[in-house]
Amino acid sequence: MLRWYLIYTKPLSEAIAQANLERQGYEVYLPRLMQWVRGCAQRRDRPIPLFPRYLFLRLREGSQPLGPVRSSVGVSGVVRFGCRYAVVADEVICHLQARADPLTGLHRLTGPAPLVTGAPVRITTGPFDGLEGIFQREEGAERVVVLLRLLGQDRPIRVPAEWILPHCDSRGATRRQSAW
């Protein structure tokens, strides 16, 4: 009987563990996704594990031992609950594989819902950290315009999009904090 097991890898060694286990004849599934990485004045995609430090291993119970898996390069151990190995249902793996891109095999995470004009936001980083304002518009791929009350007047401020989060008070009403 074929079963999927959960393997815990050493830090940043998922690909190494996958290659070594496949070299030993095991079927391995390592779900990955694309992550934006900001480098020196550029952004690029990089595949990373969907579940850091974990991968799935399928083996035939009774004919393929788990012993060599535990001592493979990149593997920290097989996940257990007490004395029992963690068995992952076939449906879970099938669902993960079905959600992956058929061409690349990579998963795509959907981002937060886009902000609408007039939505209350809170700035979480930079010189305006902690101030609340009103989202005005996107400006390019990486910046947004937020209306802040500064020195008694509403001023449009351009900040990186990752600096803002949607914001409401406990009643769901908009609160605005002045910088002066």
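Reply:
**Cysteines and aromatic pairs**

The count of disulfides, defined as pairs of cysteine sulfur atoms within 2.5 Å, comes to zero. The model is predicted, so local features need pLDDT of at least 70 and side-chain atom pairs count only at pLDDT 80 or more, while totals for chains, interfaces and linings use all residues. Residues are numbered from 1 along each chain as its sequence is written, and side-chain values use heavy atoms, with hydrogens and water left out.

Accessibility is classed as buried under 20% relative accessible area, exposed over 50% and partly exposed in between (1.4 Å probe, protein chains only). Cys 83 is exposed at 75%, and Cys 94 is partly exposed at 48%.

The whole structure holds four aromatic pairs. Rings of Phe, Tyr and Trp (its six-membered ring) pair if their centres lie within 6.5 Å; planes under 30 degrees apart count as stacked, over 60 as edge-to-face and the rest as tilted. Among these pairs, Tyr 8 and Tyr 54 are tilted, with ring centres 5.1 Å apart and planes at 50°. Tyr 8 belongs to strand β1 (residues 2–9) and Tyr 54 to strand β5 (residues 54–60), so this pair ties together parts 46 residues apart in sequence. Strands are DSSP runs (E, at least two residues), numbered from the N terminus. Tyr 8 is partly exposed at 28%, as is Tyr 54 at 30%.

Another pair, Tyr 29 and Phe 56, is stacked, because its centres are 6.4 Å apart and its planes stand at 25°. Tyr 29 lies in strand β2 (residues 27–29) and Phe 56 in strand β5, so the contact links parts 27 residues apart in sequence.

Note on methods:
Helices (H or I, at least four residues) and strands (E, at least two) are DSSP runs, numbered from the N terminus.
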